[in-house]
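Colleague: I have a model open and want to learn how to read it. Can we walk through some features together?

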Amino acid sequence: MTRPDALSGAKQELLARRLRRGTAAAPRRTVPPRPAGEPPLSHAQERLWFLEQFAPGTTQLTIPIRLRLRGPLDVPALAAALDAVAAGHDALRMRFAATWDGRPRVELAEAGTLPLTVSDAPDEAAARARAEEFLAVPFDLAAGPPARALLVRLAGDDHVLVIAVHHIAADGWSADLLMREVFARYDGVAPAAPEVGYADFAAWQRGLPPSRRDLDFWRDRLAGLEPLDLPADRPRPPERTYAGAAHTFPLDAEVAAALARLGREHSATPYMTMLAAFAALLGRYAGTADVAVGSPVAGRQVPELDGVIGCFVNMLTMRVDLSGDPTFAELLERVRDVAVDAYAHQDLPFEQLVAELDLPRDVSRSPLFGVILAMQNYRGTAVEAPAGMSVADFPVDSWATRYDLELYVGDGSGGMFVYNTDLFDAATIERLAGHLRTLLERVADRPGRRLSEIDLLSPGERRLVVEDWNDTARRFPGEATLHGRIEAQAARTPDAVAVRFEGRSLTYAELSARADRVAHTLRDLGAGPGSVVAVCAERSLELLPGLLGVLRAGAAYLPVDPGYPAERVAFMLADAAPAVLLTQSTIRPSLPETAAVTLDLDDPDAWTGRPGPLPAVRPDDVAYVIYTSGSTGRPKGVANTHGGIANRLGWMQERFGLGPGDVVAQKTPLSFDVSVWELFWPLRCGASLVLATPGGHKDAAYLRKLIVTEGVTTAHFVPSMLAVFLGEEGAAGCGTLRRVICSGEELPADLALRCVTTLPGAELHNLYGPTEAAVDVSAWHCLPGTLASAARVPIGTPIANTALHVLDPAMAPVPVGVPGELFIGGAGLAQGYLNRPGLTADRFVPDPFGPPGSRLYRTGDLARRRPDGALEFLGRMDGQVKLRGLRIEPGEIEAALRALPGGQGRGRGRARGPPDRLPRPGRRRERAARRAARRAT
């Protein structure tokens, strides 16, 4: 139990800085005897007392001392030594009661005792259990005393000594003092009494006015500080919890020596070197350049307090700036200055600082910081053993923590994490420790690396996240185009019903024949590969032949929702410049003027094309274009290829095995890419397609009736609509449903559980994918047994021939459990944005992990990997939101507002940069999005 190593190094550094400034050391202060009467509580004691009232019956404020004593032991002498120490230190004789108005007061006993309980145990396991039971008993501060001891006898010369001291009466330094004095008195040596008592210190501290200099420093230093939200395994409980566990890790001696040399080269103490490394790691984990770490300091401002048992420890906030991607050597210099400045203002009690800052009340976390770093020897005690005995630590498994995460390091051979088990799993902390070791090793090897260049992953981890979890190669013979398999299916089963709509139907033969007429007409009008045909129509029996005809002609279809505002429809038609516009006679009058040839799908006389060969369609030809909301105010068309969507449907058939007995409901608006698989997947494998009436996708009662009457086996819901549907009376009677597929929004775990409970005969699958990647790129089967305890539903693992990477801003893979931006690669990627080469180049970037020429799409979505490889969606990195599965960009809303008369809305109509460049999200908005994502974890 030695003093924290950082303290002496910090004092030396502070002295060196004062000398460099040419200033003399501060004049020596003394602690006078306290006035007669009842002593006050120190600032720290008052805070600890209120913490005890807030969470009574817990042991998070207990300081445990656990020692193995081997050798002949005089138990009465040990008991007398314990009592003598309590009598000599007034902090161990204090009782803490409440006044009539709920304030704490101190009662100081004249005679002190540190009660010792003696017990026998047959073996170490029993002794450990007795020790844990003893430490689990809470203190009654009003009854006192604030310390007690247990002696467990294993054999005549083998004992375990456990001492529990409430933090209100001691700190880590005091625990060291206590054992030194106990063993000295046991040997018959009475140490000199301290010059002052803790009660004298408390009265003196209370009499000191708050230092305006220190207050101003900390107020300026901590302005705008936001909580550090580390990625956790479970949501943060609404109130602070204290259950803890520990994980120790080694550090190579050569690495420790290299770090020590590095610190000396930069005039930094070992604590500062470790703080720089720890802050760099925390920044990578939390995705922030602003990291605050708590640092305990002794708080014994004058020498006469060095031998006093009591709670003196003070907490400093080390706020580290990681911005600008510095080298580690540069960061170490920043940290050195931060630490020296903090030590120069360490006299202000943490409790006073928190009160002065008037922070928002948050009972779920500690104020200012949730992570601490302390330098100390946590593995063994350095006290001198009594004559004829040996002393060693006796570890037990009971831990408590007042913080999310604590890191203790000492002599360079390793360290220990203590962590909140309500937030973190043991495996998570083990990975964290491994990444800290890796970071330290690479920093020691080359401190001139920039932080972004320090790879935290071991070769095995990198292979796992980059290669193994993206090993999705599949071959789907015949999957070259979106419509090819439908033609083959029509040839196999010409008389089978392909599509039904409101009492009418088309066989596969009829569907194919109508599609051929449309295709030949479009060919004669100049539509073919490289051209676009707009389709602005409601669901009807004529819709599907029109879409298939566009594909057979080699053109790409562009869905235009008839419900869109006229301005948006006009923009899409002008931007895409379609060769032909397919619509319906009821819709044509409302359409804007366009240069495209316009045909009505419900006009049988419109299809006059001459028979003849149709163009060959290649996998890299565009199959469809869907417009999404635009971050710059302009909607953008995403061009998806035949090969991409054919791969997606090939995977879907392999995964779900749709067959002739299946019925798929098509209810998604054509402008939403889920409609692509709803329309074409069942027709590729002989299943039946049922079209919902226009507007029916919004009516839960209608959907329930459609599923029951048509015998629907497969249906898609965005989660918000699924919640409405499950609330519909009779939803549980949809017994024909065999699979429910969700996508478009985040699927809440409670909603997923409700779905599998209400519809026990239906599998629930959660799919994810942006419009820029052929509908979906990942999938997860929601098994009932996993949902009850799930914090969130994963978006799953990549589909066939798809790669998913979670990367940091430097395009490097992040560790398991750490949030990063989700990037998509593989067969499903869109060709890009229609007529937007600048935006395409910005969002579709070179793939550093794939073959030459391959690309990744940067989604802007925040995600992380679970230990099993499944991905979790954590939110957006920008301001984009989704409403019922539809993407909405604030930029488009702002553009619409600026177009209003008078230029209402932000920006007053001024251009904010080139339209082909995505604006970089503001730091405040980005941090808010990250904060929300961390809170959700």
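Modeller: Strands pair if DSSP finds at least two bridges between them. This is a predicted model, where local features need pLDDT of at least 70, side-chain atom pairs count only at pLDDT 80 or more, and totals for chains, interfaces and linings use all residues. Residues are numbered from 1 along each chain as its sequence is written, and side-chain values use heavy atoms, with hydrogens and water left out.

Colleague: Which strands does β31 pair with, and how do they run?

Modeller: Strand β30 (residues 802-807) is joined to β31 by six bridges, and the two run antiparallel. Strand β34 (residues 855-865) is joined to β31 by five bridges, again antiparallel. There, E821 faces L862 of β34. β31 itself spans residues 820-826, and six of its seven residues are buried. Buried means under 20% relative accessible area, exposed over 50%, and partly exposed in between (1.4 Å probe, protein chains only).

Colleague: How many helices and strands does the chain have?

Modeller: The count is 26 helices and 37 strands. Both are DSSP runs numbered from the N terminus: helices are H or I with at least four residues, strands are E with at least two.

Colleague: What does a hairpin look like here?

Modeller: Take β2 (residues 94-98) and β3 (residues 104-108), antiparallel and joined by five bridges. F96 sits opposite V106 in β3. Five residues separate the two strands, and G102 in the turn has a positive phi of about 85°.

Colleague: How do I read a helix?

Modeller: An α-helix has 3.6 residues a turn, so residues three or four places apart point the same way. Now look at α15 (residues 508-524): its 17 residues reach 24 Å from first C-alpha to last, close to the 24 Å expected at 1.5 Å a residue. The expected span is 1.5 Å times one less than the number of residues. Buried residues in α15 include L511, A515, V518 and L522. Just after the helix, G526 takes a positive phi of about 95°.

Colleague: Which residues touch the most other members of the largest nonpolar core?

Modeller: In soluble globular proteins, nonpolar side chains tend to be buried together. A nonpolar core is a set of buried Ala, Val, Leu, Ile, Met, Phe, Trp, Tyr and Cys residues joined through side-chain atoms within 4.5 Å. Here the largest has 98 residues, and L405 and F417 touch the most other members. Helix α9 (residues 270-286) gives the largest share, 13 residues. A second, separate core of 97 residues includes A498 and L689.

Colleague: Is R449 buried or exposed?

Modeller: R449 is buried, at a relative accessible area of 14%. It lies in the loop between α12 (426-445) and α13 (459-466). Beyond neighbours within four places in sequence, R449 contacts P326, T327, F328, R442 and I454. Contact means heavy atoms within 4.5 Å.

Colleague: Where is the pLDDT below 50?

Modeller: pLDDT is the predictor's confidence in each residue, from 0 to 100. The chain's mean is 88, and 89% of its residues reach 70 or more. Residues 377-381 fall below 50, with 18 contacts in the model beyond near neighbours in sequence. Residues 903-937 are also below 50, with 63 such contacts. Where pLDDT is low, the predicted coordinates should not be read in detail.
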